[in-house]
Amino acid sequence: MANDEIQVVLFSLNGVLYGADVHQVREVREVREVTPVPYAPPYVEGVTNLRGEVIPVIDLKKRFNITEDKESKNKIMLVVQGEDKKVIGVLVDSVMEVMSISQSDIERTPDILSMSNSNYILGVAKRGEDLIILLDLRRIVSKKSMSLESQQFEDVMEGDMEAAKILKKAVET
């Protein structure tokens, strides 16, 4: 591997290719039983047992707000160690290969994608006619990144609970 190349794990979501630095993926596994967790954010599928360690499992499609393709079901789990050293399972449709990509084949993130909520998109790589969206998985699963969205979810849930209390009170009177 030349110095100007990076190795990425190539995976797909609804037929779109994504890549992540191979050093960010601890392992690739088939999805085993995932136990749902009440009141978790919508993208959190639940928790699973990974060799005696209970880890959260997130659905990357839901995290990215990608509509579920009827034909694809998340079957593969990337095990990622986040910036805060926590281990998290990330569900994807398939993992194809580990490949080397030359820095010259990577275009920086277009300005239209450079919004604060997409700071985990590192760029777009070209491989023949295919485009590969390069991701920073550690940033995606970081506590800081997910806590903002969790807070937004909690705010919505709190509003729903408040609405339920008002409805209950109205029914009782």
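Predicted model: local features only at pLDDT ≥ 70, side-chain atom pairs only at ≥ 80, totals over all residues.
Phe64 and Tyr120 make a stacked aromatic pair, with 5.4 Å between centres and 10 degrees between planes. Rings of Phe, Tyr and Trp (its six-membered ring) pair if their centres lie within 6.5 Å; planes under 30 degrees apart are stacked, over 60 edge-to-face, and the rest tilted. This pair links distant parts of the chain, 56 residues apart: Phe64 is in the loop between α1 and β6, and Tyr120 in the loop between β9 (106-108) and β10 (121-127). Tyr120 is also buried, at 10% relative accessibility.

By the pairing rule there are 3 aromatic pairs. In one of them, Tyr18 and Phe64 have ring centres 6.1 Å apart and planes at 40 degrees, so the pair is tilted. Tyr18 lies in strand β2 (residues 16-21), 46 residues from Phe64, and counts as buried at 7%. Phe11, Tyr18, Phe64 and Tyr120 form one aromatic cluster.

## The chain as a whole

The protein chain has 3 helices and 11 strands (DSSP runs numbered from the N terminus: H or I of at least four residues for helices, E of at least two for strands). Buried residues make up 37% of its 173 residues.

## Reading the values

Residues are numbered from 1 along each chain as its sequence is written, and side-chain values use heavy atoms, leaving out hydrogens and water. Local features need pLDDT of at least 70 and side-chain atom pairs 80 or more, while totals for chains, interfaces and linings use all residues.

How values were computed:
Buried < 20%, exposed > 50% of the residue type's maximum accessible area, 1.4 Å probe, protein only.
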